[in-house]
Amino acid sequence: MSGHSKWSQIKRQKGVTDSRRGKLFTKIGREIEAATRGGGPQASENPVLRLALSKARQANMPKETIERAIKRVTAGGGGASWEEIRYEAYGPGGAALLIDTLTNNRKRTVAEVRAILSKGNASMGENGSVAWVFEPQGVIAIDVQDGVDPDAIALQAIDAGADDVSVDKTLIEVLMAPPDLEAVRERLEAEGVPLASAEVTMRPTTTVPLDGEQARSLLRLLDSLEELDDVQRVHSNADVPEAVMVESESAA
């Protein structure tokens, strides 16, 4: 499993124990607004909104908060006009970074991202400089819990249309083409499989191994970037040592 996938797992574990839930709700709310503006408020007719609503439910976002996000677009106020912008960068050890943002102020966002990169021993790249390292991938993550049979879930996922499944001690990762994500997610949920997350991510085709200090610097940089209100997610091709991952999780 790639370092990025393990980082996603740690972020979920941190989310249970720290005070980031409000920030997470704000970011998901923006996604709901943008999806509603782009495809309408009916989830049955708007696959992007369905995915955003699924993410909201997995984060235990209150129903009234979800409804307010949709009403900001539909109830006459119009809501903010969110723009999706992706930045490319080089992190510690030469690791490639894709930084996905959702903003209503392009100048503010690029200034904040540049400042964090500069502090984190990283630099902004030109358009196309690192994007070629990544490809879109549908990913469903399932935490291994008591009573969960990883082998049975793997078979269910393949039957539902997944391309591949990887399993370790704490995480089941189901991979599929992005267009198949919704169908696989719905099938697994209908069969009672407890999903931790379901999203289209940018998966690295090659990875860059980092030593201990480089890896720690990268994880601090990822944390700092994702603390920015305008940053929705960060993708990296860093291969972080397992010991550093465990260290980061313990410090949460």
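**View 1. Helix 2 packs against helix 3 at an angle of about 160 degrees.** The two axes are 9 Å apart, where axes are lines fitted to C-alpha atoms, for helices over the stretch in contact, and angles run from 0 to 180 degrees between N-to-C directions. That makes helix 2 roughly antiparallel to helix 3; angles under 35 degrees count as roughly parallel, over 145 as roughly antiparallel, 65 to 115 as roughly perpendicular and the rest as oblique. Helix 2 passes helix 3 in a left-handed crossing (the near helix is turned anticlockwise from the far one by less than a right angle; clockwise would be right-handed). Helices (H or I, at least four residues) and strands (E, at least two) are DSSP runs, numbered from the N terminus. Please keep in mind that this is a predicted model, in which local features need pLDDT of at least 70, side-chain atom pairs count only at pLDDT 80 or more, and totals for chains, interfaces and linings use all residues. Residues are numbered from 1 along each chain as its sequence is written, and side-chain values use heavy atoms, with hydrogens and water left out.

**View 2. Helix 2 also meets helix 4 (residues 63–74), with axes that come within 9 Å.** Their axes cross at roughly 40 degrees, and the pair is therefore oblique. Here helix 2 makes a right-handed crossing. Look for Gly-22 in helix 2 (residues 21–39): Gly-22 is partly exposed, at 43% relative accessible area (buried means under 20%, exposed over 50%, partly exposed in between, with a 1.4 Å probe and protein chains only). The C-alpha atoms of Gly-22 and Met-61 are separated by 9.3 Å, although these residues are 39 apart along the chain.

**View 3. Helix 3 (residues 47–58) crosses helix 7 (residues 181–190) at roughly 40 degrees.** The two axes come within 11 Å, and these helices are therefore oblique to each other. Helix 3 passes helix 7 in a left-handed crossing.

**View 4. Two asparagines, Asn-60 and Asn-121, have a positive phi.** Most residues other than glycine have a negative phi. For Asn-60, in the loop between helix 3 and helix 4, phi is about 60 degrees. Asn-60 is exposed, with 60% relative accessible area. Asn-121 sits in the loop between helix 5 and strand 3 and has a phi of about 60 degrees. Asn-121 is exposed too, at 63%.

**View 5. Ser-129 is a loop residue between strand 3 (123–124) and strand 4 (134–143).** With a relative accessibility of 19%, Ser-129 counts as buried. Its side chain reaches the backbone oxygen of Glu-126 at 2.7 Å.

**View 6. Helix 8 (residues 212–227) spans 23 Å from its first C-alpha to its last.** That is close to the 22 Å expected for its 16 residues at 1.5 Å a residue (1.5 Å times one less than the number of residues). At the N-terminal end, Asp-211 caps helix 8, with a side-chain oxygen 3.3 Å from the backbone nitrogen of Glu-213. Buried residues of helix 8 include Leu-218, Leu-222, Asp-223 and Leu-225.

**View 7. The largest nonpolar core has 24 residues.** Such a core is a set of buried Ala, Val, Leu, Ile, Met, Phe, Trp, Tyr and Cys residues joined through side-chain atoms within 4.5 Å. Leu-97, Val-113, Leu-218 and Leu-225 are among those with the most contacts inside this core. Helix 8 gives the most to this core, with six residues. Apart from it lies another core, of 18 residues, including Ala-154 and Val-193.

Key. Polar contact = N/O pair within 3.5 Å; in protein donor to acceptor, adjacent residues only side chain to side chain.
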